[in-house]
Structure formats: structure tokens, C-alpha cells
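Subject: Structure handover

Hello,

I am passing on the structure we spoke about.

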Amino acid sequence: MITALLFAASVAWAAPTQGGVELHAHLFISEGLGWLFRGDFFEPPRARGWQDSLSSQADPVTLNRSGMAIVVASLYANPATTLNMRAAIRAQIASARRFVAEHPGWVLATDPHVAQQALARGERLIVLALEGADGILET
């Protein structure tokens with residue numbers, strides 16, 4: 001998570017004058033929470049209010065309308081609600097890739113150079129951050 005925040009901060013100076021930086025968004029969390037979560041990023045939001053943390057609060061439409069220039073999408077897999085934590089994280093990465101493939105104004109930032117170039121072209125960034133790596137990364 002710290003790496004993602006430092007990465008986002010390193011390119012934020014190049015962000016367009018319009019748009020902000022979202023440092024922690026669980027856009028693709030449905031794969032990581034399984035049965036505990038209601039909704040999916042690619043469907044209309046199901047949350048009834050901002051405090052509804054177990055329902056989807058964003059979709060491609062709301063993200064595009066947000067005006068955010070940089071969004072750090074936190075990836076998480078709950079060990080109690082997912083059978084395969086690695087597969088859940090990989091599914092979230094696939095969702096991020098799908099979003100940028102379907103929305104050409106967005107780039108999945110893989111390093112600061114790619115991010116700076118994208119921002120210079122007026123594109124917006126998704127930066128991935130991994131939360132709770134226990135059970136996902138090998139020691």
C-alpha cells in the first residue's frame with residue numbers, strides 16, 4: 001500500500017489542473033469479498049449511502065464522472081470469504097484491465113514513466129495497491 005501511495009504521489013505533480021487524486025478505492029472488491037459483498041464494479045452501484053461499505057459504491061459511469069485524475073484501486077482478498085486469495089486478486093487485476101480496455105481515457109499505471117506520459121496526454125490513471133498480502137505472496 002505504501003508503495004502505491006508513493007507511486008501516486010510521484011506522478012501527482014503532473015496531474016491535470018482539473019481532477020484530483022483518490023488514494024484508496026475498492027473498485028473491484030466484489031471478487032475479494034465474495035458472498036459478503038453486494039454488487040460489482042461493472043453494474044450500477046447498490047450502496048444506499050456512503051456508509052454502506054459492503055455494497056458497490058462506484059461503477060464505470062460514476063468513476064468517469066468523478067473527475068479524478070489518479071485513482072489508487074486497492075486490491076484485497078478476505079481469507080474468510082474467498083476460497084483462493086491469489087485467484088481473487090488476479091480477478092481484480094483482470095477487472096482493472098477490463099476497465100481500461102473499455103475506457104480509452106484511462107491507463108493502468110505500471111510504473112512512474114508510463115504514468116507521467118499518460119497524464120501528459122491528458123489520460124487518467126488507475127494505480128493498483130495490494131492490501132493484506134498474507135496468504136497471497138509467497139515468503
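Below is what was found in it, region by region.

Please keep in mind that this is a predicted model.

Helix α5 spans residues 112–120, and its buried residues are Ala115, Ala118 and Leu119. These three lie on the same side of α5, because they cover an arc of only 95° around the axis. His113 and Ala120 are exposed on the other side of the helix. Just after the helix comes Gly122, which has a positive phi of about 85°.

The loop between α2 and α3 holds Ser56 as well as Leu36. Ser56 has a relative accessible area of 4%, so this residue is buried. Leaving aside residues up to four places away in sequence, Ser56 touches Phe37, Arg38, Gly39, Asp40, Pro44, Pro45, Arg46 and Ala47. Leu36, by contrast, counts as partly exposed because its relative accessibility is 31%. Together with Trp35 and Leu54, Leu36 forms a nonpolar patch on the surface, and the accessible area of the three comes to about 320 Å².

The last item is Asp134, located in the segment after β4, a strand that covers 124–130. Asp134 has 68% relative accessibility and therefore counts as exposed.

Regards

Definitions and conventions
Residues are numbered from 1 along each chain as its sequence is written. This is a predicted model: local features need pLDDT of at least 70, side-chain atom pairs count only at pLDDT 80 or more; totals for chains, interfaces and linings use all residues. Side-chain values use heavy atoms; hydrogens and water are left out. Patches are made of residues with over 30% relative accessible area and no salt bridge: like charges are joined within 9 Å, nonpolar side chains (Val, Leu, Ile, Met, Phe, Trp, Tyr) within 5 Å. Accessible areas come from the Shrake-Rupley method with a 1.4 Å probe; for residues, only the protein chains shown count as cover. A salt bridge is a side-chain nitrogen of Lys or Arg within 4 Å of a carboxyl oxygen of Asp or Glu. Helices (H or I, at least four residues) and strands (E, at least two) are DSSP runs, numbered from the N terminus. Buried means under 20% relative accessible area, exposed over 50%, partly exposed in between (1.4 Å probe, protein chains only). Contact means heavy atoms within 4.5 Å. The arc is that of the directions from the helix axis to the C-beta atoms.
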